[in-house]
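Please report on the pockets of this model and on one pair of packed helices.

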Amino acid sequence: MGQTTKRIEGYDVARALAIFGMIIVNFTIVMGSGEAGQDWLVFFVGLFEGRAVALFIMLAGVGLSLLSRRAYQSEESSARQQAIRRILKRALFLFVFGLMLLPIWSGDILHSYGVYMLIGAMLIFASDRHILLASVGFTIGFIGLFIMIDYSIGWDWEALTQTDFWTPFGLVRSLIYNGWRPVFPFVSFLLFGIWLGRQDIRIPQFRRMMIFASLVILLVVEILVMILISFSTPVLGSELSIFLFSRASMPPMPFYMLSAGSSSVIVIVLMTMLSERFNHTIGWRLLVVTGQSALTLYIAHIIVGMGIIEAFGWINGGQSLAVTLIYCFVFYAFCILFAQIWRLRFARGPFEWLMRAISR
């Protein structure tokens with residue numbers, strides 16, 4: 001782990017990109033326009049589906065590493081206990097606040113974040129080897145659950161809601177197995193992010209290795225998916241073949257985890273590389289500040305962004321994908337503007353400040 005305490009602004013820019021991707025994916029779902037556009041627009045939106053959230057979760061893991069860096073390096077028991085307490089307080093804050101957002105947007109991820117961070121607190125000082133093994137284990141564990149438990153139980157797929165979510169069994173099942181972003185396997189992204197945050201990402205050799213390995217994995221997955229779907233379709237039928245071997249995030253099969261995880265690593269490493277070249281440009285500074293308010297902007301896109309969609313009657317309102325994307329870009333531009341104005345007076349976004357104050 002690098003000893004320097006200088007902020008790595010490439011992480012902030014990656015968070016800004018993750019927020020942008022989540023805005024596109026979630027607004028497209030809410031407005032029901034995912035297929036109502038030209039092929040290239042559908043392809044563009046598809047680039048973010050399942051990948052933006054993977055990037056967001058992996059960056060959360062990186063953040064936990066940075067939060068606990070001094071305690072990890074010092075190996076002092078009191079410092080480690082304090083770091084764990086801070087993480088647990090943040091986990092509780094995100095879990096409770098996420099539950100409050102669910103009536104507005106059933107696909108909220110903050111309540112799941114709270115559970116991810118609880119697991120992260122338990123493993124935050126584990127060795128690199130154990131962190132990576134746990135990351136793989138949660139991905140494999142989902143396959144076991146998928147074999148044993150009907151993935152569609154509790155789901156109303158037309159309304160995209162879980163009918164028994166607010167029951168004890170439904171809540172636990174959703175969080176652990178078949179919710180929008182369940183612990184199995186999504187916590188794997190957070191755990192890998194913890195490992196990545198421990199590495200010195202400024203070392204050129206490490207960057208090249210990570211990008212090369214991620215590109216190879218991404219390419220192999222894409223080829224394997226095409227081959228498996230092609231050969232299994234005559235036996236299983238096209239619908240079941242695509243269901244089992246696709247890179248869709250629901251259900252989050254291993255091909256999705258590998259594809260979304262490798263693309264997330266590529267984005268993170270590339271942003272840290274580009275930061276050294278463009279960190280003094282206006283556009284880069286705008287994205288850095290935006291990424292530092294990622295939690296606030298995530299909440300804003302649910303409360304404000306989806307509130308506007310509802311006010312204009314755009315929920316499944318027959319809008320074209322082009323109109324949806326225009327709204328996404330305009331809303332994100334206002335997010336960038338808000339982040340800059342807020343930064344003129346305050347060091348942190350409002351919800352970043354609140355979470356930090358609660359977790360002291």
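Predicted model: local features only at pLDDT ≥ 70, side-chain atom pairs only at ≥ 80, totals over all residues.

## Largest pocket

The largest pocket holds about 1400 Å³ of space. Its lining has 40 residues, and those closest to the centre are Arg-7, Gly-63, Leu-66, Leu-67 and Arg-90. Two or more lining residues come from each of α1 (9-31), α3 (51-67), α4 (69-74), α5 (77-101), α6 (110-123), α14 (294-311) and α16 (350-358).

Helix α3 gives the most to this lining, with seven residues. Sorted by class, the lining of the largest pocket comprises 20 nonpolar, seven polar and 13 charged residues.

## Second largest pocket

For the second largest pocket the volume is about 960 Å³. There are 29 lining residues, and Glu-35, Gly-46, Glu-49, Ala-248 and Ser-249 lie nearest the centre. At least two lining residues each are supplied by α1, α2 (39-46), α11 and α12 (254-278), with α2 giving the most, four residues.

The lining of the second largest pocket divides into 15 nonpolar, eight polar and six charged residues.

## Helices α10 and α11

The axes of α10 (residues 204-236) and α11 (residues 238-245) come within 8 Å and cross at roughly 145°. This crossing of α10 and α11 is right-handed.

On the α10 side, the contact is made by Val-225, Leu-228, Ile-229, Ser-232, Thr-233 and Leu-236; on the α11 side, by Ser-238, Leu-240, Ser-241, Ile-242, Leu-244 and Phe-245. Eight residues of this contact are nonpolar and four are polar, with no charged residues.

How values were computed:
Residues numbered from 1 in each chain as written. Heavy atoms only, no water. Axes fitted to C-alpha atoms, helices over the stretch in contact; angles between N-to-C directions. Left-handed = near helix turned anticlockwise from the far one by under 90°. Contact = heavy atoms within 4.5 Å. Nonpolar A, V, L, I, M, F, W, Y, C, P; charged D, E, K, R; others polar. 1 Å grid on protein atoms, 1.4 Å probe; cavity = no way out; pocket = protein on both sides within 12 Å on 5 of 7 lines; lining within 4 Å. Points joined across faces, edges and corners; volume = space filled by probe spheres on them.
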